Amino acid sequence: MERGMGTLAERMGIEFTEFTVERSVATMPVEGNTQPVGLLHGGAYVVLGESLGSMAANLHAGPGRLAVGVDINATHTRSATSGVVTGVCTPIHLGRSVTVHEIAVSDEQGRRCSTIRITNMIKDLPEN
């Protein structure tokens, strides 16, 4: 995680617990990331998913290369209202120029709340 998580992920309380090319895991608290009726905000699921997927893509890209998100989608199937959610990111495709990852986000009871898919384009870092 040489480039870091980014300010948004830090503000949302995202914590990485596992980080490899084949599997990345992070948690995020529900509290502080809810919409007005107390449910975890749909956008919060997406921030967790994009944080996991983009960082995993950058790990795959390697030194001197940069992965940037070009597409993301999410399907929310359950609402978390307390505790923490856990995102598990696994690759669907790891290519030289494109990666695709799926992130399954579950509540503390192991029930899937959201499924996110992100596509990243990998390019060379600009020379300074």
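Reader: What relative accessible area does Arg23 have?
Author: Arg23 is partly exposed, a class between buried (under 20% relative accessible area) and exposed (over 50%), taken with a 1.4 Å probe on protein chains only. The model is predicted: local features need pLDDT of at least 70, side-chain atom pairs count only at pLDDT 80 or more, and totals for chains, interfaces and linings use all residues. Residues are numbered from 1 along each chain as its sequence is written, and side-chain values use heavy atoms, without hydrogens and water. For Arg23, the relative accessible area is 35%.

Reader: Which residue forms a salt bridge with Arg23?
Author: A salt bridge needs a side-chain nitrogen of Lys or Arg within 4 Å of a carboxyl oxygen of Asp or Glu. Here the closest N and O atoms are 3.0 Å apart.

Reader: How many salt bridges does a search of the whole structure find?
Author: The search of the whole structure gives a total of four.

Reader: How far apart in sequence are the parts that Arg65 and Asp124 tie together?
Author: Arg65 lies in strand E3 (residues 65-76) and Asp124 in strand E6 (residues 112-124); strands are DSSP runs of at least two residues, numbered from the N terminus. So the pair ties together parts whose separation is 59 residues.

Reader: How far apart are the closest N and O atoms of Asp107 and Arg111?
Author: Asp107 is buried at 9% relative accessibility. Arg111 is partly exposed at 39%. The two form a salt bridge, with the closest N and O atoms apart by 2.8 Å.

Reader: How many disulfides does the structure hold?
Author: A disulfide is a covalent bond between the sulfur atoms of two cysteines. The test is a pair of cysteine sulfur atoms within 2.5 Å. The number in this structure is zero.

Reader: How far from Cys89 is the nearest cysteine sulfur?
Author: Cys89 is in no disulfide. Its nearest cysteine sulfur belongs to Cys113. The distance is 17 Å.

Reader: What relative accessibility does Cys113 have?
Author: Cys113 is in no disulfide either. Cys89 is buried, with a relative accessible area of 1%. Cys113 also counts as buried, at 0%.

Key. Helices (H or I, at least four residues) and strands (E, at least two) are DSSP runs, numbered from the N terminus.
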